[in-house]
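Open the structure in your viewer and show the side chains. This tour goes from ring to ring.

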Amino acid sequence: MKQNDNTDNSLVREISNEKYKYGFTTDVHTEIIERGLNEDVIRMISAKKGEPEWLLEFRLKAYNYWLTLEMPKWAHLDIPEIDYQNISYYADPTVKKDGPKSLDEIDPQLMSTFDKLGIPLEERLALSGGVAVDAVMDSVSVKTTFKKTLSEKGIIFCSISEAVREHPELVKQYLGSVVNYRDNFYAALNSAVFSDGSFVYIPKGVRCPMELSTYFRINAAGTGQFERTLIVADDDSYVSYLEGCTAPMRDENQLHAAIVEIVVLDRAEVKYSTVQNWYPGDENGKGGVYNFVTKRGHLRGVNSKLSWTQVETGSAITWKYPSCILSGDGSQGEFYSVALTNNYQQADTGTKMIHLGKNTSSTIISKGISAGHSQNSYRGLVKVGKNADGARNYSQCDSLLLGSNCGAHTFPYMDIQNETAVVEHEATTSKISEDQLFYCNQRGIPMEESIGLIVNGYAKEVLNKLPMEFAVEAQRLLAVSLENTIG
Amino acid sequence: MSVSDIYIDLFRNNRQTIDAGIAPVINGCRERALQALSEYGLPNKKLEEYLHFDAEQLFAPDWGMNLGRLKMAVDYTEAFRCNVPNLSTLLYYLAGDTLVQSESAARVQLDNGVLIGSLNSMAKDYPELVEKYYAGIANMERSGIASINTMFAQDGLFVYVPDGVVVEKPVQLVSLLQSKVDMMVNRRILVVLGNGAQLKLLLCDHSIESRNALSVQVVEAYVGSGASFSYYDLEETHTANHRINELFIEQQSDSNVELKTITLHNGKTRNTIFATLAGRGASLNVDGVAITDKQQQVDNYTYIDHKVSDCTSNELYKYVLDQESLGAFAGRVLVRQDAQRTAAHQTNRNICLTRTARMFTQPQLEIYADDVKCSHGATVGQLDEKALFYMQQRGISESEARTLLMLAFVDEVIGNVKLEPLRDRLRRLVEKRFRGELGHCEGCNICK
Amino acid sequence: MLKIENLHASINGKEILKGINLQVNPGEVHAIMGPNGSGKSTMSNVLVGHPSYQVTEGSVTYKGKNLLDMAVEQRSHEGLFLSFQYPVEIPGVSMTNFMRTAINEKRKYLELPPLSPSDFLKLIKAKRDLVKLDSKFMNRSVNEGFSGGEKKRNEIFQMAMLEPSLSILDETDSGLDIDALRIVAEGVNKLKTPETSVIVITHYQRLLDYIKPDIVHVLYSGRIIKTAGPELALELEERGYDWLIKEFEDSQK
């Protein structure tokens, strides 16, 4: 244990002078379509991906519905007007300038980009323990590793575009079955224009032997990213899935509106971890990614389990509520979150636990940290339906305030319609303990590092839920993101 | 035509009747209220604060309103005895919005400049005093209820306690609804406590006839520096009685306020509290109990605004919901950037006894200052099965054990009532309520 | 007084008691010993009618009546008392209110008028002294904030108040220091009459130094595998349970 703590320490120290280190751009030939959104653009995206007719229809339906909607205003966020006609909805960095692209050849520029991000795309360089990666840049999946190893077990892990081509029946069965295109404004937009994201299918009784991960990178200017991920865990299967994301430093705001759908069948278990590090904007709040995401899992099977873990440090604005619909009897949902906002970042994040089956349970642990001029809100719903006998929920959401110009807010909603439910919610808000800081200082640890240490300790309960490699990365990020929090 | 338009029309067409005989101070605020209502309308479910209570819908029926102020025939002494044993109070009645002094209160000589009386007559006799506060604490920009109430307000109660004066006896105001037709009553209460003043105010809502009724009441309270104010609000009507009560309170430095809202019997009820901690060192306790069954509905909404540093607020609401009743609680605590060293704690605990009962709870913290200690907790659950079994093993029947546990559950609030005779009476009322013996208001010999 | 025949009981479909036979006569003190998980607490819970346990087979006759047909509170009114291993805390319900309700419900069952407040207070005072329970406990919520020893003394105090004919003491010695143990045991002994019986469930001999059993049973795997005089307890203290279990298992082969 002790040794671990020392490692944490040196890590914190090592990076305490680091800025956003993923802010570079890759100079690669990228085919970007004209800015703007209309039916023709959607047809063009669909054609580029060689999609079947049913999917184009799905997109057009979503688009026409989206036209009738307005941006949601209920979140505790100050979102500037977004001009949806001034965004390019498709950017492909894999298209060769000359001639048709070969499937196996990848532009060395792209390879080195992902190397630089710490995501090796060559299998022999993979992180210890083995992590299969689907690397997505802008609108297109660049490469998916370990596909062959996985397919031997019957596991499908590929980009969603490929899944549409290779496994249309699975995609057709599950796409939009958890997040309907009518779900909300951003879900409708995503359903109309989504580009790549990952598709995972774990067959009956299979435990996925390695972590699966998708790395999302925004590179091209003036574009938005609209990833779509679909994970299906069949009966008695298990998978741990990781997601990471970064973007270049730009003065413009870029839009990222994703949908993640997860279907968990009988006794299956899915762990979904996110380290979200989109460019947060500069210290004056200029630039940064708008991260408007709909993530939801449907626990259809008996005794199925879904665990969301998220570490949110990036993005100028975050609007995201990874949720669980607990319809299988005995199903369990979990949500562990650390959301850190600094400078002028805004986050409104949390979860929804919808209890429908019998003897379902859910746990929510949320740790918010606000610094600088940022606003950080937890928003969560726990709903127990009429027939959800024996439902249990425990929620705890804590907020930590660093500095006097930031805000920390909690908005839990509870809607209980069954008399056998036991639902508990606790929340606290406080500032960082001066005693703890003083103690660290007295032991010779400078202020900024002390804060980093204490914040990491505060977030430990959640960080512990992350797979090893991600936990280290997440700790690093927390420390970096806390820079300049003291005057 | 929207519901608020109907009332705006009614207002315009009857302006002369409404104004007749009413103090200029009250008449002078109507235009401002009209503008606010025209702009914001009546609150409905589209508003976050009214997610579970459609106030607009409650206003929609064609309620009779006694704008011409016809005298109601109510025989107070005969009709009603709402006494708290061992508690001597200054007792007043409101029939509709008309204040009537009890004989006992009439015999008491108010001294040291204390004023207790009809809002309308006080506004005529002391226009400067009333004008300083009237419609000044209620914020019509944020409340369509305050707007409509101010538009139609004609009378109610005014209490003024000058600097340093302590009113020993609690002031008790019993609101009676007695009408042969379906009726809406619009009342207004204004309480002003000078620096260091002390007052206990007990409001009892009762109804004498089982006609449909809607009572709309706005209470404004100004609590000066170092003043101390206790406010107990007991609602004990019946299922055809709906009520919308809005309390606006502003506290100056080092003042102490205790607010308790207890709903024992009702139809649909919405209680809103907007509390502003405007002076340093102010402390506020807000508690509530709601016991519901049938298709009763109780919605408590509180908004506590910590504007300045070193203030404390504590909040505890408890609900016991039976049959098909509906409970909602939303409590927002706002801690502004200057409100350092704020301590704000909020708790909401609920017991659902059936699966047709439904509870919504929504505690909310909005915090912009860093040196704070804030927390909130909310639970929905059932009676402790282990405790039930333990009691049964000791020979206590299951139903008796349940009653004891429910009493214990709400006693966390009732037991905190500082006024001992009132506390005892409330305990008795709550117990009768749980035992199903409180089908109507206690002590009233009109109800069968 | 109590006759248990071939009693089988289970919880969540898992059988815990697998055929208990036991007879307790008026005036007798029985000790039931046995290793963890042998079913001791299940037996006491089944006797007082805990709703989580299902009796699947067998019968229990108490004072000539079918005990298993009675509701939990009726068993209590008939004089069956369980001193709980872990007495539950009941916030907000004062000891006084709790005891008064319990006493008067019993009196109602026996068709007696309720006790007057002054008689009730006298009774409390008399019984309190028996277990040296401070008067301030009466104003506190049931078991809330009581120490382990106070909870157990409170159990015996309630036993004194309710004057049961058959008391089951479930691990009453656990968590007690030696002084508290003596107070509790003395209380039990003082309450003992030739007409009343006690079942003491315990792990250890030490409580039996104070409450002398007439008969000692060893419970294992849901069955009584040995019944003997008080000397058995001493032997178990010395040699443990293993030899008995082995003996039993050999006999089953």
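The stops below cover aromatic pairs, a cluster and charges over rings. Keep in mind that this is a predicted model.

**Stop 1: a pair in chain A.** Across all chains, the count is 31 aromatic pairs. Select Phe58(A) and Tyr181(A). Their ring centres are 6.1 Å apart and their planes stand at 80°, an edge-to-face pair. Now color by secondary structure. Phe58(A) belongs to helix α3 (residues 53-66), while Tyr181(A) sits in the loop between α7 (168-174) and α8 (185-193), so the contact ties together parts 123 residues apart in sequence. Are these two residues buried or exposed? Both Phe58(A) and Tyr181(A) are buried.

**Stop 2: a pair in chain B.** Move to Tyr7(B) and Phe59(B). The planes meet at 85° with centres 5.6 Å apart; because over 60 degrees counts as edge-to-face, this pair is edge-to-face. Tyr7(B) comes from helix α1 (residues 3-13) and Phe59(B) from helix α5 (residues 55-59), so the pair links parts 52 residues apart in sequence. Tyr7(B) has a relative accessible area of 6% and is buried. Phe59(B) is buried too, at 0%.

**Stop 3: a cluster in chain A.** Select Tyr63(A), Trp66(A), Trp74(A), Tyr84(A), Phe185(A), Tyr186(A), Tyr290(A), Phe292(A), Trp319(A) and Tyr321(A). Together they make up one aromatic cluster.

**Stop 4: charges over rings in chain B.** Which residue lies over the face of Tyr303(B)? Arg142(B) does, at 4.4 Å from the ring centre. Finish at Phe409(B): Lys318(B) lies over its face, 4.2 Å from the ring centre.

Notes: Residues are numbered from 1 along each chain as its sequence is written. Chains are lettered from A and ligands numbered from 1 in the order in which they are written. This is a predicted model: local features need pLDDT of at least 70, side-chain atom pairs count only at pLDDT 80 or more; totals for chains, interfaces and linings use all residues. Side-chain values use heavy atoms; hydrogens and water are left out. Rings of Phe, Tyr and Trp (its six-membered ring) pair if their centres lie within 6.5 Å; planes under 30 degrees apart count as stacked, over 60 as edge-to-face and the rest as tilted. Helices (H or I, at least four residues) and strands (E, at least two) are DSSP runs, numbered from the N terminus. Buried means under 20% relative accessible area, exposed over 50%, partly exposed in between (1.4 Å probe, protein chains only). A charge sits over a ring if NZ of Lys or CZ of Arg is within 6 Å of the ring centre and within 35 degrees of the ring normal.
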